[in-house]
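I opened this notebook to record what I looked up in the structure. The entries follow the order of my reading.

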Amino acid sequence: MKKLLFPLVVFLPVTAFAAANNVGSCGLGSKVFEGQKGVAPQVLAVTTNGTFGNQTFGITSGTLGCSQDGVVTSAWKTAMFIDGNKSQLARDAASGQGETLDALAALLKIDAQDKAAFVSLTKTRHAEIFASVDSAETIATQLKAALQSDARLAKYADAV
């Protein structure tokens with residue numbers, strides 16, 4: 001019995017977290033709770049998708065706001081990195097160099113030919129990206145917006 005419960009206890013929270021990353025775009029739960037912010041609507045949307053298996057159906061059938069050509073992504077590593085390195089990342093971005101900025105570029109999988117443009121972007125838009133060094137979420141949101149606004153670097157925005 002313990003062997004049967006162990007995988008459920010370990011993997012159910014992980015699958016719920018992975019699904020939460022897709023709440024806004026796919027499945028019946030995302031449609032029912034569309035536009036709502038906060039933990040409760042996210043949990044309810046994920047629960048709706050998981051309980052009824054409709055997100056799986058939506059992906060395989062291309063319905064419920066799901067597409068069949070989606071790419072599985074996760075920005076949790078980036079969010080954790082930014083949260084743990086906010087001040088040093090802000091300093092490195094301001095100077096246009098440093099280990100923390102290099103590590104973020106590696107985490108975002110910035111290609112070697114785009115790294116100089118990435119460093120330049122973070123330096124040029126430093127005041128905007130790091131307006132609130134206290135909030136990793138704000139930094140990530142502003143960094144993502146900055147990347148999306150640059151034609152060359154927009155392809156990296158989903159990793160933030």
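Which residues of the largest nonpolar core touch the most other members? I found that, of its 26 residues, these are Ile82, Leu104, Leu108, Phe118, Leu143 and Leu147. Such a core is a set of buried Ala, Val, Leu, Ile, Met, Phe, Trp, Tyr and Cys residues joined through side-chain atoms within 4.5 Å. Helix H5 (76–84), H6, H7, H8 and H10 each supply at least two residues of this core, and H10 gives the most, with six.

I noted the basis of these entries: the model is predicted, local features need pLDDT of at least 70, side-chain atom pairs count only at pLDDT 80 or more, and totals for chains, interfaces and linings use all residues. Residues are numbered from 1 along each chain as its sequence is written, and side-chain values use heavy atoms, with hydrogens and water left out.

I next looked up Ile82. Not counting residues up to four places away in sequence, Ile82 touches Leu89, Leu104, Ala136, Ile139, Ala140 and Leu143 (contact: heavy atoms within 4.5 Å).

I then turned to helix H8 (residues 112–124). Helices are DSSP runs (H or I, at least four residues), numbered from the N terminus. The buried residues of H8 include Asp114, Phe118 and Leu121. Their cover includes helix H6 (86–95), helix H7 (99–107), helix H9 (126–129) and helix H10 (136–148).

Why does Asp114 count as buried? Its relative accessibility is 4%, and buried means under 20% relative accessible area (1.4 Å probe, protein chains only). The side chain of Asp114 makes a polar contact with the side chain of Arg152 (2.7 Å); a polar contact is a pair of N or O atoms within 3.5 Å, where within protein one must be able to donate a hydrogen and the other to accept it, and residues adjacent in sequence count only if both atoms are side-chain atoms.

Terms used:
Expected span 1.5 Å × (residues − 1). Buried < 20%, exposed > 50% of the residue type's maximum accessible area, 1.4 Å probe, protein only.
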